[in-house]
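Me: I am new to this structure and would like a close look at a single part of it. Please go through that part and what lies around it.

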Amino acid sequence: MRKFRGWIMRFAGLFNKGRKDRELQEELASHIQMHMEDNLRSGMTPEEARRQAMIQMGGIESTKEAYREQRGLPLLETLFQDLRFGARMLRKNSGFTSVAVLTLALGIGASTAIFSMFDAVLLKPLPYHNPEQLVSLTELHQKGYTRATSFPNFCDWCGQNTVLSELAGMSSAAYNLAGDGEPERVLAQRVSAEFFPLLGVNPVLGRWFTDAEDRANAERVVIISYGLWQRRFSGSSDAVGKRIILDGDTYTIVGVMPSVFQSIAGSRYLSSDGTRDVWTPLATDATRSGRGKVFLRLIGRLKPGVSIEAASSELNAVANRLAKQFPSENTGFGIQVRGLHEDLVENTQSTVWLLMGAVALLLMIACANVANLFLVRASARASEITIRAALGAGRARIIRQLLTESALVALGGGVFGVGLGWLGINLLQRFLPSGQIPLQAAQVNFTELGFALAISLASGLIFGLAPALHSAKVDLNDALKSAGKGTVGGRRGNLRSSFVVAEIALAFVLLASAGLVIKSLGQLLKVNPGFRADNVLTMRIHLSGARYAEAPKTRAFYDQLLAGVKALPGVESVGGVTSLPMSGSISTSSFLIEGQPEPEGNANYTDVQTATSDYFHVMGIPLLKGRVFGRQDDEHTPGVVLINQQMAVKFWPGEDPIGRWIRFSDGKTNYEIVGIVGDVRHFGLSAGVRPETYMPQSQQFGRSMMLAVRAKANPTALVREIRAQITQLDPNVPLADVGTLEATVAATTSDQRATVFLLAAFAVAALVLSAVGIYGVISNSVVQRTRDVGIRMALGAQAGDVRRMVMRQGLMLALFGLAIGVIASFVSSRLLTSALFEVTAGDPVTLAAVSFLLILVALLACWLPARRATKVDPMVALRHE
Amino acid sequence: MNDKPEVWQGTLALMVLKTLEGAGSLHGYGIARQIERTSADLLSVNYGTLYPALLKLQQEGYITSEWGLSESNRKAKFYQLTRAGRKQMHKETEEWEQMTAIVARFLSPKEGMA
């Protein structure tokens, strides 16, 4: 404590030095006076008295010096001195300083922007109570595929485990919200009563669900989002207790969630669909309580001290018991228990790591460039440093001075870099499509600022240390002899060359990565989605309420709507389907095949859709065999289905499935296969095709339908007229998800495009920086070799010879860097693999193209200095001495 | 000049504190003379090292200083012990006594080590 007080006082001693010096002066003067008086009293002569007093003081100046050192903080004072001197030097060389600061700002800015993303995705804990205890539970089949969970399984897991303090089930839903104002389609989640207590997020108003409300036929209650509360109730505090109408049923509002609350989406990642507007209790009734109905996603909270492994082994024991007990539904299924955070970021983290790696390379290139700048300057300052050394500055002292200067440059780069990073994040958020890469979550806060400061200082040390160590190694004798000429250091040249080689190697790795993802995106865009996406307007319609409780009513509505829309001028054709390609979830069912025994564990799965007969024509999905639905397929004729090619190949290999029938596991009806249609990539361009079955809308009861309207020209121009048609039929039916099929398809590649954009931008920056690096080294060496060139030319060398000599030097550096880069890119390609689609990480075409580009740029960068070398006048060069 | 042993760095602080305890309030020259007198002129204080030591004690809060007039009506800076200084002095005295006692055991031949 006392020591600490001492430091504080010494820190205070840094200020107001003049007055303190005067005080000491007075104190010492009075000391000497008193001593002299004593000496006089003891009989000395005045001169002798003064002399003795001075002797015993032991030198006034050295006393003062010792006193000053004790008074302040000598280390800090030299630092200030260094800073002042460094700042002065940097101001004097404003060109050097601005290039160095800007180069660093580029590296630090990019790093900060990407780090903010990294922080948002991987470092920030989930916004729930004790998030490290949260786990996701997924049913995993021995063969490696997963499925949702049935309600009875959920109840059994709840009752038979001792490792979870809470277990909650949830399922995605959507409702037509009616009441005051426009009808609206809202995204919802049905959640078990444990859901909110498990996450531990309190409502801003009202309460959570009770257990009683989570039972079949309980009174209907709802919790609404902050956004909906503001939108529909203008944030009024008496919203709780009010009623809203969802799908025609009346619900009482019991709670309002805070604005920061982000629900866990039904899918496995945090993305824009984490936003939900309403939550209703699961209240599972008879229609969903079968063990074959899988629709729940589960999250749990581990009891304190229970590890994921322990939980997993116990829950799997439960699953094994259930598999024996209910073999037809549960055979082969275990439980995968994973940390919730890990589960949610699964799809994004590889991209984020990839981008982090890329900016790290960019930052290293920037550092190498700045280090080179410092080395150039060090040769210019060699005589200054020599003189300092000659005047007695120690090696450490010189290094400290030079490092202070690089730290100043680094901090300058950091300040500009943070600004640049902030700008970058804002631009990216505005212009890049929002996909899984959570650009929206990125922001500059204290963590980011701390990160920027840390990397600035670290980079300052990295690029400052080598030049500083190098410069401080002065041989006084040699240096003073050649003073004023600047040292033509072979070693300094070597150091600079190795920086350039490193830069080129790093730039190669970045360029190769960018090249690979670009090629991969190209491959992805070449994939045939199985349908024609141009000029198609899409929208989602859901009929709710008692009015549409029966099939003929919904069918009549859709028949009239489709006929009306088809009659609109500008519409070529119109069709409907339960779920358009790439538009989200699709229902899946297991089925029986005619003439085959029931497989164990529901092994035959197919996606099931309901479609109108025109749908295939509108979408351009080809009919490969048989027929599409027709007028003859209605509720009075036998059930028919179409299947996709994938399903035909998988379940009827080498046979003709037309005329055969299938039966869905939960039904009794046989459906005859009447046709085979082309495969559609429902889950995105890079995802595989699954078996798919289409049932005719004319035989099925479906309240929900997505419309696909093929326009003659601009599809979005039709929206107003279609909306008018719907309002005419029923003003309470909302229109949701209006868009074009093209935009939907484009959205599936948004992440890849964002990655390509970012990597390409980093690669271009790297290319520019390394070009500057080569240029700097070569032109500097040309200047140093002026005399050499002059002699050669005097001896008869032609301009072409000189140019070749200089270019060869640059080319050697480039080739050397390239060789190292190729090796390094083999190592780094492991990070890339997950980002690539149908391109191998070592793709020779890409690597060759990138090498060619780099060499071209290197040659360009050498061209100017080479030309300058040929302009050397031999006479001037020789006199230069 | 003379070959009197100089005061060690570490012990100077303790001597200053002890001196101030006896004298109450004293200027730098007075402290130096007092230390020499107490040591029966066996020790010589390098006055140059005295002032940084005084400053250090002051920074650590063991002594305070104020300007006053000396016995010969000369302006001088006077130092006093603070409460923390008194405590520190007792602590250091104890430690010092313990230390000398231990060293004495090694040096005195009659008590031996057994």
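In which helix is A:Asn39 found?

Reply: A:Asn39 is found in helix 2 of chain A. The model is predicted, so local features need pLDDT of at least 70 and side-chain atom pairs count only at pLDDT 80 or more, while totals for chains, interfaces and linings use all residues. Residues are numbered from 1 along each chain as its sequence is written, chains are lettered from A and ligands numbered from 1 in the order in which they are written, and side-chain values use heavy atoms, with hydrogens and water left out.

Helices (H or I, at least four residues) and strands (E, at least two) are DSSP runs, numbered from the N terminus. A:Asn39 is buried, with a relative accessible area of 8%; buried means under 20%, exposed over 50%, and partly exposed in between, with a 1.4 Å probe and protein chains only. Apart from neighbours within four places in sequence, A:Asn39 is in contact with A:Met44, A:Ala49, A:Gln52 and A:Ala53, where contact means heavy atoms within 4.5 Å.

Next comes the sheet. Chain B has an open sheet of three strands in the order 1-3-2, with antiparallel pairing; two strands pair if DSSP finds at least two bridges between them. Its edge strands, each pairing on one side only, are strand 1 (25–27) and strand 2 (63–69) of chain B. Neighbouring strands of this sheet are turned by 35° against each other on average, direction ignored. Helix 2 (residues 17–41) of chain A packs on the sheet and touches strand 1, strand 2 and strand 3 of chain B. The direction of helix 2 of chain A makes about 100° with that of strand 3 of chain B; axes are lines fitted to C-alpha atoms, for helices over the stretch in contact, and angles run from 0 to 180 degrees between N-to-C directions.
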